[in-house]
Amino acid sequence: MKKLYPFVLINIFISSIIAIRFFLVPEASFHWSAMVFSIFAVLGHFFSAYLLLLIICTPLLLLKQFIRNIILAILFSFFQIGLYIDTIVFEQYRFHINQSVLSMVFSGQIVDFSMLTYLLMLVLIVISFCAEYFILYFVNNKLVLSQKKSRIILLSTIFLFSSFLISHVVHMIAFYYAYSPIMAVKEYIPLYRPFTSKKIMSFFDEKGQRKVVYNKDNSNASVYYPKNPLVINPDNNKPKNIMFIVLDSWRYDTFSEEISPNTFRFVKQNNGVVFDNHYSTGNATRTGIFGLFYGIPGTYWDAFLRNSIPSLFITTLQKENYNIGIFTSAKVSAPEFDRTVFVTIKNLRISSKDGSASSRDKQITDDWLAWYKTRDASKPTFSFLFYDAPHAYDFPADSLVKFKPIGDLNYMTLNNDTDPLPIFNRYKQSVYYDDSLLQNVYDELVKSNSLEDTIVVITGDHSQEMNDNKLGFWGHNGNYTDAQTKVPFIIIGGKELEKIKGNSRKLTSHEDVVPTLMKHYLYVKNDISDYSTGYDLFSSIVDRNWLLMSNYSSYAVKTSSNIYLVNRLGISHHMDLHNREINETPNYQYIYEAMNHMRYFFQPEKNSLSNKLD
């Protein structure tokens with residue numbers, strides 16, 4: 001064991017040297033603080049990784065030295081080769097290697113290797129194995145652990161362990177104060193999950209002095225968004241009012257005359273276009289709202305959060321001198337929309353007063369009404385109303401219960417045998433309550449004579465499963481089936497919407513909202529591919545064979561017949577539309593196209609997207 005540990009230390013420094021390649025990718029730029037932090041982060045990360053590998057290899061000490069050395073040389077050379085290959089993948093795609101990438105490469109559908117490539121790989125394997133075996137031989141037979149060398153090993157261990165602690169503590173502080181130069185390092189190190197804790201930091205920041213650092217130049221970002229500067233309304237057209245009404249966890253099948261009668265009637269009376277096959281960009285609030293406001297996949301969330309990159313939709317509204325009213329029932333800082341979507345909005349309304357979700361929903365309705373009535377009517381207006389009652393299955397205690405039987409929600413007791421009807425009825429009642437609040441909003445739009453000059457988007461951030469797939473899933477953030485990702489989507493606003501009815505039965509996504517509004521109502525002249533991966537809903541949608549969805553730690557490529565999931569460990573699963581694994585070969589062409597979308601804004605050049613955007 002004493003001889004094996006120096007072998008591990010040598011490999012830690014070899015891996016750290018290889019990892020330098022991650023930071024040498026084209027266009028990478030680092031602040032001095034990030035360069036210093038990256039040294040501690042890389043050394044501390046590989047120290048923890050190799051300690052785990054050391055523990056796994058401990059039983060090998062029972063074997064004969066020759067056999068043990070061969071197995072160790074194979075394992076450690078495999079680790080180093082994998083790391084080197086990952087540097088190549090990262091340079092090409094700006095994300096790290098995972099099972100999905102390997103499956104796609106070796107499927108034969110996307111990449112064909114030449115004999116020279118196979119030969120070079122064989123040479124690399126042989127050289128790496130021989131190098132590891134030589135290091136083991138040297139450590140076992142030539143290295144004498146004198147007192148001086150033991151002290152060096154001890155000091156190295158202390159330094160590496162200190163690096164581990166320092167990197168995690170520094171990242172926790174940087175994350176709390178949104179210091180992007182430090183946070184940006186995370187994306188360059190494979191499997192790196194640095195520590196964050198708002199609770200610990202708030203203990204030292206009792207007065208809540210946390211501030212968001214917004215860097216307009218984003219000089220530390222490795223994100224190229226937009227691809228070209230936006231050309232906004234050069235003809236000085238009169239912009240329309242825009243309104244987003246979003247219900248947290250709104251199921252597609254609860255937009256109906258029975259459950260949401262006021263909204264249903266409002267849409268019908270005003271010739272709204274209802275999309276029958278619309279999906280969120282995720283099964284969680286973070287990625288659902290992100291896709292809605294950015295028009296790009298939620299897989300970019302971490303990079304945009306680390307660099308506090310705002311939504312171009314919001315900054316365009318600001319440049320066009322819009323009144324902007326953000327009214328959210330839950331805190332806009334959890335997830336951190338105050339550091340992403342709305343980071344450029346001064347005096348942002350962070351949250352409603354404490355209370356139940358239904359009481360907070362009433363508060364945002366009242367607050368919006370007061371704000372809207374006193375707005376500067378000479379300027380165009382953008383409103384964002386984000387309700388929370390369906391997410392909490394909440395409604396006032398004195399409400400007349402329409403849906404019976406109704407039950408209490410206790411996630412601790414939910415299982416695959418739980419009767420969903422009482423819980424679903426509670427959920428329906430919460431949607432019904434929010435719908436009653438929305439009638440006040442609709443009435444104000446009509447009363448103020450602003451409805452005809454307003455584009456209203458009504459949707460959900462994600463859906464909410466009631467064990468629809470009979471696999472024990474309740475709520476959201478669990479899978480990418482319709483029960484958790486398909487949401488109502490309605491657009492109201494003028495006769496010109498007749499042109500988009502042709503897409504109402506097509507496969508549509510939250511990614512399509514921003515490009516449609518930016519092009520037709522904010523008069524942005526750029527190609528959509530400069531700032532979005534979505535479609536223009538005024539143009540016929542053709543050749544859309546898949547949708548890219550994500551959440552906090554995974555992503556999925558969803559087609560009309562299956563779901564290809566890649567989890568947080570990079571392990572892929574091929575499933576049917578009811579989340580059951582299938583033994584079929586995925587269409588790797590679709591997966592390759594989705595990966596192009598995931599890396600598109602990480603590349604300085606403007607490569608063509610697989611989708612037809614214009």
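Thr-381 is buried, with a relative accessibility of 2%, where buried denotes under 20% relative accessible area, exposed over 50% and partly exposed in between (1.4 Å probe, protein chains only). The model under description is predicted, so that local features need pLDDT of at least 70 and side-chain atom pairs count only at pLDDT 80 or more, while totals for chains, interfaces and linings use all residues. Residues are numbered from 1 along each chain as its sequence is written, and side-chain values use heavy atoms, with hydrogens and water left out.

Thr-381 belongs to strand β5; strands (E, at least two residues) and helices (H or I, at least four residues) are DSSP runs numbered from the N terminus. The side chain of Thr-381 forms a polar contact of 3.0 Å with that of Asn-323 and another, of 3.5 Å, with the side chain of Arg-375. A polar contact is a pair of N or O atoms within 3.5 Å; within protein, one atom must be able to donate a hydrogen and the other to accept it, and residues adjacent in sequence count only if both atoms are side-chain atoms. Beyond its neighbours within four places in sequence, Thr-381 is in contact (heavy atoms within 4.5 Å) with Asn-241, Ile-242, Tyr-322, Asn-323, Trp-371, Tyr-372 and Arg-375.

Strand β5 is part of an open sheet of 6 strands with mixed pairing, ordered β2-β9-β6-β1-β5-β4. Strands β2 (273–274) and β4 (323–328) form the edges, each pairing on one side only; two strands pair if DSSP finds at least two bridges between them. Strands β4 and β5 (residues 381–387) run parallel and are joined by 6 bridges, and Ile-326 has Phe-384 in β5 as its bridge partner. Helix α10 (residues 285–294) packs on this sheet, touching β1 (241–247), β5 and β6 (454–460), and its direction makes about 165 degrees with that of β5. Axes are lines fitted to C-alpha atoms, for helices over the stretch in contact, and angles run from 0 to 180 degrees between N-to-C directions.

Helix α13 (residues 357–373) comprises 17 residues and reaches 24 Å from its first C-alpha to its last, close to the 24 Å expected at 1.5 Å a residue; the expected span is 1.5 Å times one less than the number of residues. The buried residues of α13 include Ala-357, Asp-361, Ile-364, Trp-368, Leu-369 and Tyr-372. The packing partners of the buried residues of α13 are β1, β4, β5, α14 (389–392), α15 (420–447) and β6.

Elsewhere, helices α2 (residues 32–57) and α6 (residues 147–176) pack at an angle of about 115 degrees, their axes lying 7 Å apart. The crossing of α2 and α6 is left-handed, a term applied if the near helix is turned anticlockwise from the far one by less than a right angle, with right-handed used if clockwise.

Thr-533 is located in the loop between α17 (513–520) and β11 (547–550). With a relative accessibility of 0%, Thr-533 counts as buried, and its side chain makes a polar contact of 2.5 Å with the side chain of Glu-511. Thr-533 and Met-598, 65 residues apart in sequence, are 9.4 Å apart in space, C-alpha to C-alpha.

A hairpin is formed by β13 and β14, with 5 residues between the strands; in this hairpin, Gly-570 adopts a positive phi near 85 degrees. The antiparallel strands β13 (residues 563–566) and β14 (residues 572–575) are joined by 4 bridges, and Val-566 stands opposite Ser-572.

Most residues other than glycine have a negative phi, and most peptide bonds are trans. Asn-467, although not a glycine, has a positive phi of about 60 degrees; this residue lies in the loop between β7 (465–466) and β8 (474–475) and is buried, with a relative accessible area of 2%. Lys-470, in the loop between β7 and β8, is likewise not a glycine and has a positive phi of about 55 degrees. A cis peptide bond with omega of about 5 degrees links Tyr-225 and Pro-226, and Pro-226 lies in the loop between α8 (198–204) and β1. Ala-334 and Pro-335 are also joined by a cis peptide bond, with omega of about 0 degrees; Pro-335 is located in the loop between β4 and α13.
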